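I opened this notebook page to record what I looked up in the structure, one topic at a time.

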Amino acid sequence: IGYIASDGLDDVFREFRDELVRLGVTLSEAGIIRAGHTPSDGARVLCELLAQPEPPTAVFTRTDGLAFGALGAAHRLGLRIPEDLSIVGQDDVSFAKLTEPPLTTVRVDCVKLAGLAAGILFALLDEPNARTEPQVVPTELVVRDSVSAPRPWALAYRESVRLVAVRGADGQVTA
């Protein structure tokens with residue numbers, strides 16, 4: 001499993017990693033890459049993940065935008081989603097159901113999140129030294145068509161694709 005982070009490894013990443021540990025799955029350090037925020041960042045980092053000696057069979061991205069870029073790069077490399085590689089995003093933005101294939105994503109209750117954030121902000125305005133407690137925002141996995149169990153033949157197919165995702169003279173990995 002690969003993880004495409006935005007800028008840093010935040011609470012979402014820590015919960016993701018901790019849940020994998022609970023399930024008995026180890027996330028390798030090489031499989032965790034900080035990308036940025038744009039779809040082109042997601043595309044670039046997916047190519048880096050696929051160029052590794054043991055590329056992932058599934059990738060979780062910190063945002064749907066990063067997932068959109070990863071989907072595009074996978075298509076350019078000739079990978080079939082989800083037969084060859086599963087991709088999951090987070091946010092469930094309106095375009096997630098319009099990708100090809102439709103993106104599996106984690107829906108975050110943005111209205112609840114905004115309400116909690118506003119409440120904390122107003123509490124801090126009233127009392128700047130107030131201690132705030134962590135809040136839990138409801139989430140839901142929205143399963144669409146971008147995930148499946150890995151298939152044995154996909155590993156051999158991905159090895160041939162890995163050779164296409166190569167490091168150029170500028171040191172960048174591209175599709």
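**Strand pairing.** I began with strand β5 (residues 104–108) and found that β5 pairs with β6 in the antiparallel sense, over four bridges. Within this pairing I looked up V106, whose bridge partner in β6 is L141. The model I am reading is a predicted one.

**The sheet as a whole.** I then traced the strand order, which is β2-β1-β3-β4-β5-β6, in an open sheet of six strands with mixed pairing. The edge strands are β2 (32–34) and β6 (139–142), each of which pairs on one side only. From one strand to the next I noted an average twist of 15°.

**Helices on the sheet.** For α2 I noted that the helix lies across β1 (2–5), β2 and β3 (58–61), and that α2 runs at about 150° to β1. Helix α3 (residues 64–76) also packs on the sheet, where α3 touches β1, β3, β4 (86–91) and β5, and the direction of α3 makes about 155° with that of β4.

**A check on α2.** Does the length of helix α2 (residues 39–50) agree or disagree with what 1.5 Å a residue should give? The 12 residues should span 16 Å, and because the end C-alpha atoms are 17 Å apart, I wrote down that the two agree. I also listed the buried residues of α2, which are D41, G42, A43, V45, L46, C47, L49 and L50. As a reminder to myself, an α-helix has 3.6 residues a turn, so residues three or four places apart point the same way.

**I120.** Next I looked up I120, which sits in helix α4 (residues 110–126). Setting aside neighbours within four places in sequence, I found I120 in contact with T132 and Q135. I120 and Q135 are 15 residues apart in sequence, and their C-alpha atoms are 9.8 Å apart in space.

**The largest pocket.** I noted a volume of about 1000 Å³ for the largest pocket. Of the 32 residues that line this pocket, the closest to its centre are V12, E15, F60, Q90 and V106. Two or more lining residues come from each of α1 (11–22), β3, β4, β5, α4 and β6. Which element gives the largest share of the lining? I found that α1 does, with seven residues.

**Backbone features.** Before this entry I reminded myself that most residues other than glycine have a negative phi, and that most peptide bonds are trans. I looked up a cis peptide bond that joins I81 and P82, with omega about 10°, and I placed P82 in the loop between α3 and β4. A cis peptide bond also joins E100 and P101, with omega about -5°, and P101 belongs to the loop between β4 and β5.

Turning to phi, I noted that D91 has a positive value of about 135° although D91 is not a glycine; D91 is found in strand β4. D92, in the loop between β4 and β5, likewise has a positive phi, near 55°. Are D91 and D92 buried or partly exposed? D91 is partly exposed, with a relative accessible area of 27%, whereas D92 counts as buried at 15% relative accessibility, because the cut-off for buried is under 20%.

Technical notes:
Residues are numbered from 1 along each chain as its sequence is written. This is a predicted model: local features need pLDDT of at least 70, side-chain atom pairs count only at pLDDT 80 or more; totals for chains, interfaces and linings use all residues. Side-chain values use heavy atoms; hydrogens and water are left out. The expected span of a helix is 1.5 Å times one less than its number of residues. Buried means under 20% relative accessible area, exposed over 50%, partly exposed in between (1.4 Å probe, protein chains only). Two strands pair if DSSP finds at least two bridges between them. Axes are lines fitted to C-alpha atoms, for helices over the stretch in contact, and angles run from 0 to 180 degrees between N-to-C directions. Contact means heavy atoms within 4.5 Å. On a 1 Å grid over the protein atoms alone, a cavity is a set of points where a 1.4 Å probe fits but cannot get out, and a pocket is an open set with protein on both sides within 12 Å along at least five of seven lines; lining residues have an atom within 4 Å of a point. Grid points are joined across faces, edges and corners, and a volume is the space filled by probe spheres set on the points.
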